[in-house]
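Let's take a walk through this model together. Have the sequence and the coordinates open beside you, and follow along.

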Amino acid sequence: MYQPVLDAVAGSLGLTALFAALPLATLFVLLGVVRMRAWLAALLSLLIAVLVAVVAYPMPVGQALLAASEGAAFGFFPILWIVVNAIWIYNMTVRTGHFDVLRRSFARVSDDQRIQGVIIAFCFGALLEALAGFGTPVAITSVMLVALGFRPLKAATIALVANTAPVAFGALAAPITTLATVTNLPLHDLAAMVGRQTPLLGVFVPLALVLIIDGPRGARQTLPATAVCGITFALAQFATSNYFSAPLTDIVAALVSAAATVGLLRVWRPAHTYVETVPTGGTTTTDEPSDNSREVFRAYAPYGVIIAVFALAQIPLVKTALASATRTFTWPGLHLLTANGKPSTLPLFKFDWLGAAGTLLVIAGLITIPLIGIGLRQAWSTYLATYRQLAAAIVTVMAVLGLAYVMNASGQTATLGTWMAGAGAFFAVLSPILGWIGVAVTGSDTSSNSLFGALQVAAAQQAGLSTTLMAAANSSGGVLGKMVSPQNLAIAAAAVGMSGQEGDLFRKVFLWSIGLLALMCALVFLQSTPVLSWMVP
């Protein structure tokens, strides 16, 4: 039974933290500096994580490898199970031509790519995040932007940066629910606190997207649209999370912001229209054929089906029936304790094959088949082609989750968190960074909250800070680590046909991630002082 020792290197927590940081540092350097392919960088970083676990802590080799295997399995199910099936539905609409119909429909809302980017990546992406999460909005919105004429690198960048403000309440508030479970803090208080942090991101993200697309000039020209979109999203996210329902927060915010933006466009348009010219393979929105109402309905049908299936799955009776098929078992041969000697929950593998978001997407896909008129043989060949398309991303995600599980099981992640928690009152600044690290490693705000939620509460108690504020800061800071997570970089790159160029994408989004993280750190620090302490429930 392996029990981590957090100061395993010479009895020094700081020195041990340096070793614990090596796997993540290796991953970022290989991606951002060396420009290595993500799947290879992930495998090498996993090897470093295993070596650190075995040599520095020391963790038995067998236990380290078993932890890696469980992480790889978790990477495929439920995470890749969601992404593959979401992309499959998209690929079927491409094969039947209905995605072009959908693209033309979006284009008719506005022929300005700056507005299209905001509506698709931010509003529609927020809705997809609310329903499925786990990389689905990045995968789908990035390819939609490419179809509208965006360059692949820019489309992937926009999709990743947009997937920030909605993440904490994604997958029907799974991150917040998990945070409440591991911290024993009231769900409503945590949802309310996060709802007083991430809306600030919601205000600025639409503006950031236009800056990426067209720079400062474009930001000035589209300011009314980005302001209406961001402010309405923020107000809806705040109001719903604080006074209505945490699981419905992003659904309401996405629909309200989209409706407000489209409503504005009926009475206002940018003075100058921006359409980027793509040298090869681009799609313009001029001289497009008209589509009859039946074809438009069929183009939107897959996404309506997805919303309906996920909504039905939340009905208590249906939810209970789906959950009844779930099987939870201990990963064979993996025996772990936490640093304080209690049995670790890490070896417990939850196989919710029927109620998983990926399975619901399969159901939605099967319903979609007759609606869009694709044959069963074509649907099956498209499904197999989707796996081939995502092969590199599948290796990357499984390797990164293997790395995360090794770091968690060996004590590397806990060492980093405990070392940062020793900062006293200054921990209010570091708290969002800890959440950022958690999501950068695991690719999931839910996983980061599970990993660091209890540690945030313990550190807050030691430093005399609000436990609700610090726990919420883990989730709010974590959403900004998603755009630099290797698994999400791999998903975005694969979706737009850039597999192997994840390093280029990483460099595009890294400064946005750090800049928005600094903003969140400043907000949390002020909320820990009398200046903004009135915002803490």
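Four helices, α5 (98–109), α6 (113–131), α13 (249–265) and α14 (293–312), each supply at least two residues to the lining of the second largest pocket. Helices here are DSSP runs of H or I with at least four residues, strands are runs of E with at least two, and both are numbered from the N terminus. A pocket is an open set of points on a 1 Å grid over the protein atoms alone, with protein on both sides within 12 Å along at least five of seven lines, whereas a cavity is a set of points where a 1.4 Å probe fits but cannot get out; lining residues have an atom within 4 Å of a point.

Before we go further, a word on the source: this is a predicted model, in which local features need pLDDT of at least 70 and side-chain atom pairs count only at pLDDT 80 or more, while totals for chains, interfaces and linings use all residues. Residues are numbered from 1 along each chain as its sequence is written, and side-chain values use heavy atoms, with hydrogens and water left out.

Back to the second largest pocket, which holds about 330 Å³ of space. Its lining has 15 residues, and the closest to the centre are F106, F124, L127, A258 and Y300. The volume is the space filled by probe spheres set on the grid points, which are joined across faces, edges and corners. Helix α13 gives the most to this lining, with 5 residues.

How many cavities of 30 Å³ or more does the structure hold? There is 1, and about 70 Å³ of space lies in the largest cavity. The elements that give two or more residues to the lining of the largest cavity are α9 (170–183) and α21 (445–463), and α9 gives the most, with 3 residues. E129, D445 and K482 are among the lining residues. By class, this lining divides into 4 nonpolar, 5 polar and 3 charged residues.

Now step back to the whole chain, which has 24 helices and 2 strands. Its radius of gyration is 22 Å, close to the 24 Å that the globule rule gives for 537 residues, so the chain is as compact as a globular protein of that length. That radius is taken over C-alpha atoms, and the rule is 2.2 Å times the number of residues to the power 0.38. Along its principal axes, the C-alpha trace spans about 70 × 55 × 50 Å. Buried residues make up 59% of the chain; buried means under 20% relative accessible area, exposed means over 50%, and partly exposed lies in between (1.4 Å probe, protein chains only). Of the contacts with a separation of 6 or more, 80% are between residues 24 or more positions apart, where a contact means heavy atoms within 4.5 Å.

G411 follows α18 and has a positive phi, near 105°.

Is E70 buried or exposed? At 1% relative accessibility, E70 counts as buried. E70 sits in helix α4 (residues 61–96) and, leaving aside residues up to four places away in sequence, touches W331, L334, L346, P347, L348, F349 and Y405. Helix α4 also contains P78, and the peptide bond joining F77 and P78 is cis, with omega about 20°. Another cis bond runs from Y57 to P58, with omega near -15°; P58 lies in the loop between α3 (38–56) and α4.

Finally, look at R35, in the loop between α2 and α3. R35 is not a glycine, yet has a positive phi of about 60°, and is exposed, with a relative accessible area of 54%.

Notes
Nonpolar A, V, L, I, M, F, W, Y, C, P; charged D, E, K, R; others polar.
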